[in-house]
Amino acid sequence: MRMNLVLELLDVPGQLVKALEPISGVGVNLVTVIHKRDYKNENGNVPVQLTVEGEQEDLLRLIQRFEDLGFSIKKVHCKGCGASFDAT
């Protein structure tokens, strides 16, 4: 199953690596990363779009892990796994 997410990260060194670490920890494969540093919002955060693949339960655990770590999740789309929202 494939899932697309958009996270908002602080524009400071190490944030992208910190956001990528949980992916392998829950058994999910990273397909694509788009890091848009030129598109900072009013708070100085930058959007990072991730495409990941894995089993439904692993994808849902990844969302929970991001939330537990305090990442701002702006969009999620996972056709067929019951996770889809747009916070923008």
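Two strands count as paired when DSSP finds at least two bridges between them. Keep that in mind as you look through these close-ups of a predicted model.

**View 1. Strand 1 meets strand 3.** Here you can follow strand 1 (residues 2-10) alongside strand 3 (residues 45-53). The two run antiparallel and are joined by 9 bridges. To find your place, pick out glutamate 8, whose bridge partner in strand 3 is proline 47.

**View 2. Strand 2 also pairs with strand 3.** Strand 2 (residues 29-35) is antiparallel to strand 3, with 6 bridges between them. A handy landmark is valine 33: leucine 50 in strand 3 is its bridge partner. In a regular strand, side chains alternate between the two faces of the sheet.

**View 3. The largest nonpolar core has 21 residues.** Which residues touch the most other members? They are Met3, Leu5, Val52, Leu62 and Phe66. At least two core residues come from each of strand 1, helix 1 (15-25), strand 3, helix 2 (56-68) and strand 4 (72-78).

**View 4. A closer look at methionine 3 and its contacts.** Leaving aside residues up to four places away in sequence, methionine 3 touches Leu50, Thr51 and Val52, as well as Leu59, Leu62 and Ile63. Val76, His77 and Cys78 complete its list of contacts.

**View 5. Phenylalanine 66 and phenylalanine 71 form an aromatic pair.** The structure holds 1 such pair. The ring centres of phenylalanine 66 and phenylalanine 71 lie 5.7 Å apart and the planes stand at 90°, so the pair is edge-to-face. Are these residues buried or exposed? Both phenylalanine 66 and phenylalanine 71 are buried.

How values were computed:
Residues are numbered from 1 along each chain as its sequence is written. This is a predicted model: local features need pLDDT of at least 70, side-chain atom pairs count only at pLDDT 80 or more; totals for chains, interfaces and linings use all residues. Side-chain values use heavy atoms; hydrogens and water are left out. Helices (H or I, at least four residues) and strands (E, at least two) are DSSP runs, numbered from the N terminus. Rings of Phe, Tyr and Trp (its six-membered ring) pair if their centres lie within 6.5 Å; planes under 30 degrees apart count as stacked, over 60 as edge-to-face and the rest as tilted. Buried means under 20% relative accessible area, exposed over 50%, partly exposed in between (1.4 Å probe, protein chains only). A nonpolar core is a set of buried Ala, Val, Leu, Ile, Met, Phe, Trp, Tyr and Cys residues joined through side-chain atoms within 4.5 Å. Contact means heavy atoms within 4.5 Å.
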